[in-house]
Amino acid sequence: MFFVAESGFKPHAAFKTSHIETAQSLVANGLGVTLAPNMVKRDKDPGVIYLSLQSAPSRTLVFVFLKNRYVSLTAQAFMELSRESVKQTFDQEE
């Protein structure tokens, strides 16, 4: 994610995976947030929230986290920074 590096934001990643199912399971177990394509959205995890990022990419990206669970300030900042960066990137292209 180029906009994260360019902004100087360095998220702390305790777990890394290239498998979306693993990433969603980590979220469902309260171990973080992730970006996921809308097409892999699961309804079987009660309390997990999918937020859409409204942008022009060919995929719809969402942040996933547990409902009624603490979302760290770092995670909140990452989500806000991501939303702003995506919006700025695509606004500049028009």
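Visitor: Which residues are buried in helix H2?

Guide: Buried means under 20% relative accessible area, exposed over 50%, and partly exposed in between (1.4 Å probe, protein chains only). Helices (H or I, at least four residues) and strands (E, at least two) are DSSP runs, numbered from the N terminus. In H2, residues 20-28, the buried ones are Ala 23, Gln 24, Leu 26 and Val 27. They lie on the same side of H2, because they cover an arc of only 155° around the axis; the arc is that of the directions from the helix axis to the C-beta atoms.

The model is predicted: local features need pLDDT of at least 70, side-chain atom pairs count only at pLDDT 80 or more, and totals for chains, interfaces and linings use all residues. Residues are numbered from 1 along each chain as its sequence is written, and side-chain values use heavy atoms, with hydrogens and water left out.

Visitor: What do the buried residues of H2 pack against?

Guide: Contact means heavy atoms within 4.5 Å. Here the partners are strands E1 (34-37), E2 (48-52) and E3 (61-66).

Visitor: What is the order of the strands in the sheet?

Guide: Two strands pair if DSSP finds at least two bridges between them. This open sheet of three strands runs E1-E3-E2, with antiparallel pairing. E1 and E2 are the edge strands, each pairing on one side only. Between E1 and E3 there are four bridges, and Leu 35 stands opposite Phe 63 in E3.

Visitor: What follows H2?

Guide: Gly 30 does, with a positive phi near 75°.
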